[in-house]
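Subject: A structure for you to explore

Hi there,

Here is the structure I promised to pass on to you. Have a look at it first, and then read on for what was found in it.

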Amino acid sequence: MAITSANQLELLQTAEAVAREKMIDPELVIQAMEDSLARAAKSRYGAEMDIRVAIDRKTGRATFTRVRTVVEDEAVENYQAQLTVEQAKPYLAEPKVGDEIIDEVPPVDLGRIAAQSAKQVILQKVREAERDRQFEEFKDRKGTIINGVVKREEYGNIIVDIGRGEAILRRNERIGRESFRPNDRIRSYIKDVRREPRGPQVFLSRTDPQFMAELFKMEVPEIYDGIIEIKAVARDPGSRAKIAVISYDNSIDPVGACVGMRGSRVQAVVGELQGEKIDIIPWNADQATFLVNALQPAEVSKVVIDEEAGKIVVVVPDEQLSLAIGRRGQNVRLASQLTGLDIDIMTEADESTRRQAEFAERTKLFVDALDLDEFFAQLLVAEGFTSLEEVAYVDLDELLTIEGVDDATASELQARAREYIDTQNRKAMEAAVAMGVEQSLIDFEGLTPQMLEALAKDGVKTLEDFATCADWELAGGWTTVNGARVKDEGLLEKFDMSLEEAQQLVMTARVQLGWVDPSELEAAEDVATTDDEEVGA
């Protein structure tokens, strides 16, 4: 094919037709044509030449030019496309590095192979443009619901026609028991949109908790308008779900609005989710109240919150235990996902047994350490004293509030407690030194003798050893093993060390050793303070 006046306009017409068919910019098609013609021309004039083609957007005339660039003397690598300043003087009056010498060359006749190559380049460019258009179209729809038509099933994965492209609904993103046939209509949640080598890939889900939230947004106008907000969602796909809602208008009941007249709204969502039972729960800023609501339909007697451990103990009547836990732990698991807390459930009898055991343990501690009779030790525990440190360093007036305790008795109690603590500290320090703890760790501020002994037993004997510890190794934490949460005991967890305190100690040790720049530590503290203020606000 020769580029002649007879087919110049045909180039523009072809570009327009292809662009219209693929719904892309005609300019992209013309640029692809220019690239393909330039590649064909290089095969005619030489691959090392810098041949460029420009197609006039009005007439369709293709202009072929050879470009040579002026470079430094030592930078010349391609003599067909580069030349030095001296070599450029016959062509330019005052040549300098970066200038270009452009000469028009005769158009080329495209042979069969060259024409086929040009066609492949155009098709490739058009496909790339089409992929970019698809990605730009769907990336902004991530997190929304889309309707599509089932095309086929591949190894359990459903390929869905979503109009201007295809999407995939993986096997693990399908609700159990549901099946689809080709040409079935399907509604799904766009979970992710990613660029892939073979084009943009749209990943769908019907099990994602946000799928249910978006369905409620479609069915409940108050949610769409922002009067009611969905604060949390937890699902066991195809079986049961919990959704927490709050109303910003006192005249509107958030639960009633989501249920709808005679349950019409919630039933529409249940029908889409293959009969999944949905508990609609009023959200509350108070964690304990929210948790009581989340454990419905079970009744809760008492809630004990351990904020440092991010854990909650829920006490229920004996006959409510199975209802609170649910079938295979479903109810408590969903409540835990909804609140973001680890929940331990125990009966009133178990809780009473636990309290009695704690009471007996603390009583024995005071009897043995302070040489008290059992009645007086029980009196201390009943007044809320839980440790020897509290007795030793509490304000004297707090001891005087105990019935039968005068100034002399209170002073004697504190003296005995301090003496016992000092003795234990001395023994712990001697044991730590005997195990090889170095002075650098002993002098490190923030570690008690008992902590040094516990660290030494685990092989942490120098400041360098301590600085290599992770915060969770010291304070403890949770890991997931085979889908179950497993507790990791921290070296210093028994001393009530929090994760934040452990992190601060480790970072301080690293600063002292010169491993971390102090300014970085201050910046991290500023960020943490700002985050805390925002949470508090």
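Arg262 is exposed, with a relative accessible area of 85%. Before we go further, please keep in mind that this is a predicted model.

Arg262 has another feature to look at: its phi is positive, at about 55°, although Arg262 is not a glycine. Most residues other than glycine have a negative phi, and most peptide bonds are trans. Tyr155 also has a positive phi, near 55°, and is a residue other than glycine. You will find Tyr155 in the loop between β5 and β6 (157-161). With a relative accessibility of 76%, Tyr155 counts as exposed.

Which peptide bond is cis, with omega near 15°? That is the bond from Gln296 to Pro297. Pro297 sits in the loop between α9 and β13 (302-306).

**Salt bridges**

Side chains of opposite charge can pair when their charged atoms come close. In this model the count comes to 23 salt bridges. Here are some to look up.

One of them joins Asp192 and Lys142, whose closest N and O atoms are 3.4 Å apart. This pair links distant parts of the chain, 50 residues apart: Asp192 is in strand β8 (residues 185-196), while Lys142 is in the loop between α4 (112-139) and β5 (145-154). How do the two partners compare in accessibility? Asp192, at 19% relative accessibility, counts as buried, because the cut-off for buried is under 20%. Lys142, at 48%, counts as partly exposed.

Next, look at Arg152 and Glu166, whose side chains meet in a salt bridge with an N to O distance of 3.7 Å. Arg152 belongs to strand β5 and Glu166 to strand β7 (residues 166-169), so this pair ties together parts that are 14 residues apart in sequence. Arg152 is partly exposed, with a relative accessible area of 34%, and Glu166 is partly exposed too, with 33%. There is also a network of salt bridges here, which links Lys151, Arg152, Glu154 and Glu166.

A further salt bridge is formed by Glu222 and Arg265, with 3.1 Å between the closest N and O atoms. Glu222 is in helix α6 (residues 221-224) and Arg265 in helix α8 (residues 264-272), so the pair ties together parts that are 43 residues apart in sequence. Glu222 counts as buried at 18% relative accessibility, whereas Arg265 is partly exposed, with a relative accessible area of 21%.

Where does Glu173 lie? It lies in the loop between β7 and β8. Glu173 is buried, with a relative accessible area of 12%. Its side chain makes a polar contact of 3.0 Å with the side chain of Thr207. If you leave aside its neighbours within four places in sequence, Glu173 is in contact with Lys191, Leu204, Ser205, Arg206, Thr207 and Asp208.

Asp208 then leads us to the start of α5, where a side-chain oxygen of Asp208 reaches to within 2.8 Å of the backbone nitrogen of Gln210. In helix α5 itself (residues 209-219), the residues Phe211, Met212, Ala213, Glu214, Leu215 and Phe216 are buried.

Finally, turn to helix α9 (residues 287-294) and helix α11 (residues 330-339). Their axes come within 9 Å and cross at roughly 145°, and the crossing in which α9 passes α11 is right-handed. Which residues meet there? From α9 they are Phe290, Leu291 and Ala294, and from α11 they are Ala335, Leu338 and Thr339. The residues of this contact divide into five nonpolar, one polar and no charged. An α-helix has 3.6 residues a turn, so residues three or four places apart point the same way. With that in mind, find Phe290 and Ala294 on α9, and Ala335 and Thr339 on α11.

Enjoy exploring, and write back with any questions.

Best wishes

Conventions. Residues are numbered from 1 along each chain as its sequence is written. This is a predicted model: local features need pLDDT of at least 70, side-chain atom pairs count only at pLDDT 80 or more; totals for chains, interfaces and linings use all residues. Side-chain values use heavy atoms; hydrogens and water are left out. Buried means under 20% relative accessible area, exposed over 50%, partly exposed in between (1.4 Å probe, protein chains only). Helices (H or I, at least four residues) and strands (E, at least two) are DSSP runs, numbered from the N terminus. A polar contact is a pair of N or O atoms within 3.5 Å; within protein, one must be able to donate a hydrogen and the other to accept it, and residues adjacent in sequence count only if both atoms are side-chain atoms. Axes are lines fitted to C-alpha atoms, for helices over the stretch in contact, and angles run from 0 to 180 degrees between N-to-C directions. A crossing is left-handed if the near helix is turned anticlockwise from the far one by less than a right angle, and right-handed if clockwise. Contact means heavy atoms within 4.5 Å. Ala, Val, Leu, Ile, Met, Phe, Trp, Tyr, Cys and Pro count as nonpolar, Asp, Glu, Lys and Arg as charged, and the others, Gly among them, as polar. A salt bridge is a side-chain nitrogen of Lys or Arg within 4 Å of a carboxyl oxygen of Asp or Glu.
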